[in-house]
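Reader: Could you walk me through this one, a few questions at a time?

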Amino acid sequence: MEKVFAIYSRKSRFTGKGESVENQIEMCREYLRIHFGEEEAEKAVIYEDEGFSGKNLDRPQFKAMFEDIKNGKISAVLCYRLDRISRNIGDFANLITELTSMDVAFISIKEQFDTNSPMGRAMMYIASVFSQLERETIAERIRDNLHELSKTGRWLGGVTPTGYNSVGETSMNINGKTKKAFHLAVKEDEMQIVKLIFSLFLEHNSLTACESYLLAHNYKTKNGRDFTRFSIRGILTNPVYMISDSDAFEYFKNSNVDLYSDKEEFDSTHGMMVYNRTLQEQGKATKIKPMEEWIVSVGKHQGFINGKDWIKVQSMLDRNKSKSYRKPKSHTALLSGILKCECGEFMRPHMTTRMNKDGEYTYYYSCTMKLRSKGSRCNNKNINGNEIDKEVIAAVKALANNGDDYFESLKSALSENKIKTENISNEQARLEDEIGKKEKEIEALVNNLATSSGTGAEKYILDKINTLSDEVEKIKAQQNTLIKESENELNLTESIDLMKDMLKSFSVTVDNMTIEQKRQTIRTFVKEVIWNGEDAHIVFFGSDYEYPFKKAEMLADDDILYPLCEDRK
């Protein structure tokens, strides 16, 4: 296998300035032309991560590059500057060790480091130490700024907590410059829901009970959605609602947080403001940091939950979490994810300890909305899981023996499919043309930056570049959606003969299939199964063809059974 050079570039965000991803790549290509020739420069493989920090190596294109290195496709890695790879000395040292073990060189053209030589390796380690020092210094400055801001009790932005709005106030400093600071103002209708949630949890000691009550009475989140246990827990654990009273002071004082308000400032009126509480990483769920990293002060907003109650709620949540229990899931149910209640929610399987006449443990499917709302938002009957799974298998078998209507409807859908595929192709071409025009605009603006540096036009040009860049990203997102639609349409066209063969095979081999094989085969043909309490309808992929059936004996006992969950007593 012929090995090639890899060019890696990274930038935390698009700024339009000199070290853009495109400029990094071009400078690396030029380095290859000078030192290794035009052919190597043109063959080089490009990996670029834009919008990713250098604090760790968790970046999609970096991972793709490393996979190619492991597979023996890369002879050397080039980057414009050392910190484009990593600002972490540990990550960098491990990376160089791994590259060396795989006989892959590393070249940083800015610092003129080449790991092919011992001196190059030594100098690279030294430079990486300074890169990490720079990163840690930046982090320390950010924390120092948070310390200063915490003294003001300001709201620093982001999604406002339920029950509050963010309000800006403009002021002028001694130099005549205007500044805008934000604080939280009470949104009364939402705050009533927050108070209700705390009251319900203190009374029932159960997130499930809170959820059921809010669903039954049709309470909505600030985004207009149904409350879930996750969103309820987020409200219950947020210190912003906590009144700054003596209990709050003692709690934070004893929790090893950075407390930036004196005891006298805990006035039993204002709420608490906590900075540096969450860890937010691109592509990952937000995490709560350890309390030792929190920076806490009395805010400028009104608090509503007294310290004693708020602390009690945290203790109850911790106890419930330590006693958490999950009822075992069914390992035999076939229709999870495709069986829906007529209310639109999925139906989930629940195992019982009873056995049927065939010696199988019985299970039933129940509507998730029915369980969450305790029957107030949906009270559809449960359905016997063993029976409906068998009925769906029988329906898929029936297609193999008498599926003429189904395949006729598929053929009809194919004619529409061809037209849709052509429309998608035309739209993709239009979007590609639009991207080309905007990228030319960006290129022209970047060229103008050199002559506009330091002038009033510079900021306008940078703003325009960022706006155009955002527009290009949105168009690319539309393209990705179209590509997926196009793939789906083409898959339908190409798979009819394969589906016929699979159906014939399924009829013969289904009894010897594993549970997972049965699930996968059913999902090949069945789009969804709808249950209305009396009738179930199987809807097949690729057409509107339905297979209806009705069986009284398929109903499970109509008693609503509630599985134990994290906070169940």
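Predicted model: local features only at pLDDT ≥ 70, side-chain atom pairs only at ≥ 80, totals over all residues.

Reader: Of the contacts with a separation of 6 or more, what percentage comes from residues 24 or more positions apart?

Author: Take the contacts in the chain with a separation of 6 or more. The share from residues 24 or more positions apart is 66%.

Reader: What fraction of the chain is buried?

Author: Buried means under 20% relative accessible area, exposed over 50%, and partly exposed in between (1.4 Å probe, protein chains only). The chain has 569 residues, and the buried ones make up 40%.

Reader: Which residues of helix H3 are buried, and why do they line one face?

Author: Helices (H or I, at least four residues) and strands (E, at least two) are DSSP runs, numbered from the N terminus. An α-helix has 3.6 residues a turn, so residues three or four places apart point the same way. In H3 (residues 60-70), the buried residues fall within an arc of 155° seen down the axis, so they line one face (the arc is that of the directions from the helix axis to the C-beta atoms). They are Phe62, Met65, Phe66, Asp68 and Ile69.

Reader: Which residues join Tyr8 in a cluster of ring pairs?

Author: Rings of Phe, Tyr and Trp (its six-membered ring) pair if their centres lie within 6.5 Å; planes under 30 degrees apart count as stacked, over 60 as edge-to-face and the rest as tilted. Ring pairs link Tyr8 to Phe62 and Phe66.

Reader: How many aromatic pairs are there, and what parts does the Phe5 and Phe36 pair tie together?

Author: The structure holds nine aromatic pairs. Phe5 and Phe36 form a tilted one, 4.7 Å centre to centre with 50° between the planes. Phe5 lies in strand E1 (residues 4-11) and Phe36 in helix H1 (residues 21-36), so the pair ties together parts 31 residues apart in sequence: E1 and H1.

Methods:
Residues numbered from 1 in each chain as written. Heavy atoms only, no water. Contact = heavy atoms within 4.5 Å.
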